[in-house]
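Hello,

Here is the structure I promised to pass on. Please look it over, then read my notes below.

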Amino acid sequence: MSSSESAASSQPATAPAVRAFLSLGSNLGDRRQYLKAAVDSLPDVVAVSPVYETDPVGGPEQGAYLNLVVELSTSHSPDQLLGICHRIETASDRVRDVRWGARTLDIDILWMDGVVQDSPRLTIPHPRWKERRFVLAPLRDLAPELVTEQELNLAEGTVIRVDPL
């Protein structure tokens, strides 16, 4: 065995890339800039949906959100990806005071191909993804096989497509 073969065999195997979808939303400050900075900070981006302005769903009274969905092809584990999302939220001055309250940036892992996880920190697929039009409309733009027209029509909320990032 050559030294290069020996070195290669001692390297840990890289996990295969998995298709993943993240939902990003912002309703405080420069919403568009928070979304753009977050997309630019994410690893393994394959596609970005159009941007939608949406009514808030649940929580206290607050301003409208800008939302989009990002498709990744990633070898990160779900927990690693969650850590990346939390670091990007923190860099955007995200404060977690009120559940479903206003925020500079919110990033949720919606879906990872072949992954089902239910832990105290993370549930995949996202437990409420099929209930929210602000998730389903941009997700359908990227992955129409995951969202039927009927599911989109039954989902809660109002969405309006706006200018791209």
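Predicted model: local features only at pLDDT ≥ 70, side-chain atom pairs only at ≥ 80, totals over all residues.

Residues are numbered from 1 along each chain as its sequence is written, and side-chain values use heavy atoms, with hydrogens and water left out.

Backbone. The peptide bond between Ile124 and Pro125 is cis, with omega about -5 degrees. Pro125 sits in the loop between strand 7 (123-124) and helix 4 (133-142). Helices (H or I, at least four residues) and strands (E, at least two) are DSSP runs, numbered from the N terminus. Asp44 is not a glycine, yet its phi is positive, near 65 degrees. Asp44 falls in the loop between helix 2 (31-41) and strand 2 (45-48).

Salt bridges. There are eight (a side-chain nitrogen of Lys or Arg within 4 Å of a carboxyl oxygen of Asp or Glu). One of them pairs Asp113 with Arg19, closest N and O atoms 3.1 Å apart. Asp113 is in the loop between strand 5 (106-112) and strand 6 (117-118) and Arg19 is in strand 1 (residues 18-26), so the pair ties together parts 94 residues apart in sequence. Salt bridges with shared partners join Arg19, Asp113 and Glu145 into one network.

Lys36 and Asp40 also form a salt bridge, at 3.0 Å from N to O. Both lie in helix 2, four residues apart, about one turn of the helix.

Regards
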